[in-house]
Amino acid sequence: AADLGLSEAITYRQVPETDNDALRLADDDPRRRLGRMAHPMSAELAVMRRSMLPGLLRAVARNQHHQRTDGGLFEIGRTYAPRDDGQADERRFLAAVRFGRVGADGGWRDQPRPVDVFAATGLATALARGARVRVTPRPNDAPYFHPVRQARMMAGDDVIGWAAEMHPLVLRAFE
């Protein structure tokens, strides 16, 4: 991911429970089921993350607050889905975000343009190619992505990722 111009981010595994609301998850969405910390560092960091997306969106907001208007971040980390026995299933993911403009890094051939679903799909395809996986975009309908500018990245019959623009209300929730 770093060879694609992304900087590595490290975000918290413990997150606010309100992330589910900020991601616009339905009340009956199974991802609302969270693993609670027995002894959290603070009330705000009392649950284990189900998604890496909120942490990366917070990192984008911090970058933009410090006048870094264009860029990209990635993280390799774990998410935690609680089980009935009190333990959690840990899954390892690579997540990446681009913000601002692409092609703004000063190359004379590059015409800077706003990041869009096509830039996201290209990034997801390049990341998959780095793992020697061929992907095909298909329609998707996640509530936290833009209603029509999103895709599931398929390798055969398996969903291996997503590429999308964020929903405007989610962007507002994460500043």
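Strands β8 and β9 form a hairpin with five residues between them. In this predicted model, the two strands run antiparallel and are joined by four bridges.

**Gln150 in strand β9**

- Gln150 is placed in strand β9 (residues 145-155). Its relative accessible area is 8%, and Gln150 is therefore buried, the limit being under 20%.
- The side chain of Gln150 has two polar contacts with the backbone: one reaches the oxygen of His146 at 2.8 Å, and one reaches the nitrogen of Asp141 at 3.4 Å.
- Not counting residues up to four places away in sequence, Gln150 touches Val117, Arg138, Asn140, Asp141, Ala142, Phe145, Ala163 and Ala164.
- Arg24 stands 126 residues from Gln150 in sequence, and their C-alpha atoms are 15 Å apart in space.

**Nonpolar cores**

- The largest nonpolar core has 21 residues, of which Leu23, Leu53, Leu73, Tyr144, Phe145, Met166 and Val170 touch the most other members.
- At least two residues of this core come from each of α2 (53-65), β5 (88-99) and β10. The largest share, five residues, comes from α2.
- Tyr144 is in contact with Leu23, Leu25, Arg31, Leu53, Met166, His167 and Val170, leaving aside its neighbours within four places in sequence.
- Another core, of six residues, lies apart from the largest one; among its members are Ala120, Ala124, Val135 and Met153.

- Asp19 lies in helix α1 (residues 19-22). With a relative accessible area of 6%, Asp19 is buried.
- Beyond its neighbours within four places in sequence, Asp19 is in contact with Pro54, Arg58 and Phe174.
- Asp29 is found in the loop between α1 and β3 (47-48). Asp29 is also buried, with a relative accessible area of 13%.
- The side chains of Asp29 and Arg31 are joined by a polar contact of 2.7 Å.

**Salt bridges**

- A search of the whole structure finds eleven salt bridges.
- One of them joins Arg36 to Glu17, with the closest N and O atoms 2.7 Å apart. Arg36 lies in the loop between α1 and β3, whereas Glu17 lies in the loop between β2 (14-15) and α1, so the pair ties together parts that are 19 residues apart in sequence.
- In this pair, Arg36 is exposed, with a relative accessible area of 53%, while Glu17 is partly exposed at 42%.
- Another salt bridge is formed by Arg78 and Glu90, whose closest N and O atoms are 3.6 Å apart. This pair links distant parts of the chain: Arg78 is in strand β4 (residues 71-82) and Glu90 is in strand β5, twelve residues apart.
- Both partners are partly exposed: the relative accessible area is 31% for Arg78 and 48% for Glu90.
- Arg83 forms a salt bridge with Asp89, the closest N and O atoms being 3.1 Å apart. Arg83 is partly exposed, with a relative accessible area of 32%, and Asp89 is partly exposed, with 38%.
- Arg83 and Asp89 are linked with Asp85 in a network of salt bridges.

Notes: Residues are numbered from 1 along each chain as its sequence is written. This is a predicted model: local features need pLDDT of at least 70, side-chain atom pairs count only at pLDDT 80 or more; totals for chains, interfaces and linings use all residues. Side-chain values use heavy atoms; hydrogens and water are left out. Buried means under 20% relative accessible area, exposed over 50%, partly exposed in between (1.4 Å probe, protein chains only). Contact means heavy atoms within 4.5 Å. A polar contact is a pair of N or O atoms within 3.5 Å; within protein, one must be able to donate a hydrogen and the other to accept it, and residues adjacent in sequence count only if both atoms are side-chain atoms. Two strands pair if DSSP finds at least two bridges between them. A nonpolar core is a set of buried Ala, Val, Leu, Ile, Met, Phe, Trp, Tyr and Cys residues joined through side-chain atoms within 4.5 Å. A salt bridge is a side-chain nitrogen of Lys or Arg within 4 Å of a carboxyl oxygen of Asp or Glu.
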